[in-house]
Amino acid sequence: NVIHLTSGDGEPRILASIGIEIHNKVIQFCVTQLSYNGEVTPDVRAQQFAAVAEEIAKYDNVILGGNFYTHTLADFDPIVDKGFLLVNKPYDYMVTYNTGAALDNIVHSEIFTSSDKHVIDNDASDHYLLYATLTYRE
């Protein structure tokens, strides 16, 4: 499933997802890369966050990873307001970009708990790998 996000005059952006059945539960795995600050207006970025929130709210079990290009984790409010949780939290964030910013995140449904959150610096990208263990609550 691919949703085209508003991009204004910037590069086209999407939210892609696929549902995979695991132990009789469908988990919706999603990925996105939103427009960066300066590429588009703040209104366009707000529309992107709102569209992502609306789309992932359609599913019960969601794991969304992506480069959200945000320096302000309050940008996630439309997503958090729908009951989703962040791995890279505003009060305890991990740097995921080589300038010291927390641009990347993992968003998940409340049915999951997250633990073992880490980042790995690497030479393959200017972004660091953000990962966590997500456990499905029965």
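The buried residues of helix α1 are covered by elements that include β1 (2-5), β2 (13-22), β3 (25-33), β4 (62-67), α2 (77-80) and β6 (104-108), where helices (H or I, at least four residues) and strands (E, at least two) are DSSP runs, numbered from the N terminus. The model is predicted, and local features need pLDDT of at least 70, side-chain atom pairs count only at pLDDT 80 or more, while totals for chains, interfaces and linings use all residues. Residues are numbered from 1 along each chain as its sequence is written, and side-chain values use heavy atoms, with hydrogens and water left out.

Helix α1 itself comprises residues 42-56, and its 15 residues reach 21 Å from the first C-alpha to the last, close to the 21 Å expected at 1.5 Å a residue; the expected span is 1.5 Å times one less than the number of residues. Its buried residues are V44, R45, Q48, F49, V52, A53, E55 and I56, buried meaning under 20% relative accessible area, exposed over 50%, and partly exposed in between (1.4 Å probe, protein chains only).

From the N terminus on, the elements of the protein run β-β-β-α-β-α-β-β-β-β, which comes to two helices and eight strands. Six strands form an open sheet in the order β1-β2-β3-β4-β6-β5, with mixed pairing. The edge strands of this sheet are β1 and β5 (85-86), each of which pairs on one side only; two strands pair if DSSP finds at least two bridges between them. Strands of a sheet pair through backbone hydrogen bonds, either parallel or antiparallel. Strands β4 and β6 pair in the antiparallel sense over five bridges, and the bridge partner of G65 in β6 is I106.

Strand β4 also holds N67, which counts as buried because its relative accessibility is 8%. Leaving aside neighbours within four places in sequence, N67 is in contact (heavy atoms within 4.5 Å) with T32, Q33, L34, L103, D104 and H127. With H127 the link is also a polar contact between the two side chains, at 3.3 Å; a polar contact is a pair of N or O atoms within 3.5 Å, where within protein one must be able to donate a hydrogen and the other to accept it, and residues adjacent in sequence count only if both atoms are side-chain atoms.

In the loop between β6 and β7 lies S109, a residue that is buried, since its relative accessible area is 4%. Leaving aside neighbours within four places in sequence, S109 is in contact with D60, N61, V62 and F84. A polar atom of the S109 side chain lies 3.2 Å from the backbone oxygen of D60, and a polar atom of that side chain lies 2.7 Å from the backbone nitrogen of V62.

A further loop, between β7 (112-120) and β8 (129-136), contains D126, which counts as partly exposed because its relative accessibility is 34%. Beyond its neighbours within four places in sequence, D126 is in contact with T96, Y97 and N98. D126 and Y97 are 29 residues apart in sequence and 6.1 Å apart in space, C-alpha to C-alpha, and their side chains are joined by a polar contact of 3.3 Å.

For the protein as a whole, buried residues make up 39% of the 138 residues. Among contacts between residues at least 6 apart in sequence, 57% join residues at least 24 apart. Along its principal axes, the C-alpha trace spans about 45 × 30 × 25 Å.
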